[in-house]
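Have a look at the structure first.

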Amino acid sequence: MSQAKIMRLKEVIEATGLSRTTIYRKVKAGEFPQRKQLSARSVGWLESDVTAWINQCSNVGAA
């Protein structure tokens, strides 16, 4: 059974090329995967969700 990998904000920034502000703005607008609360002061994103979002973005311009 494979485990879901959690990406922290730094990894999400590196993978997407987006700034912290842009990521949080897109989350609020429903344009980016929702973050998961890991503890009282930390959040992360499922790697599969971020990867799917990146693939979706690259498919938009590939028509």
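## Salt bridges

Glu 31 has a relative accessibility of 44%, so it counts as partly exposed (buried is under 20% relative accessible area, exposed is over 50%, and partly exposed is in between, using a 1.4 Å probe and protein chains only). Its partner is Lys 26, and their side chains meet in a salt bridge at 3.6 Å, N to O. A salt bridge here means a side-chain nitrogen of Lys or Arg within 4 Å of a carboxyl oxygen of Asp or Glu. Lys 26, at 22%, is partly exposed too.

The structure holds 2 salt bridges. Lys 5 also pairs up, with Glu 11, and the closest N and O atoms are 3.0 Å apart. Lys 5 is partly exposed at 37%, and Glu 11 is partly exposed at 30%.

## Where the model comes from

This is a predicted model: local features need pLDDT of at least 70 and side-chain atom pairs count only at pLDDT 80 or more, while totals for chains, interfaces and linings use all residues. Residues are numbered from 1 along each chain as its sequence is written, and side-chain values use heavy atoms, with hydrogens and water left out.

## Helix packing

Helix 1 (residues 9–16) and helix 2 (residues 20–29) pack at about 95 degrees, with axes 10 Å apart. Helices are DSSP runs (H or I) of at least four residues, numbered from the N terminus; axes are lines fitted to C-alpha atoms over the stretch in contact, and angles run from 0 to 180 degrees between N-to-C directions. The two helices, helix 1 and helix 2, are therefore roughly perpendicular (65 to 115 degrees).

Technical notes
Parallel < 35°, antiparallel > 145°, perpendicular 65-115°, else oblique.
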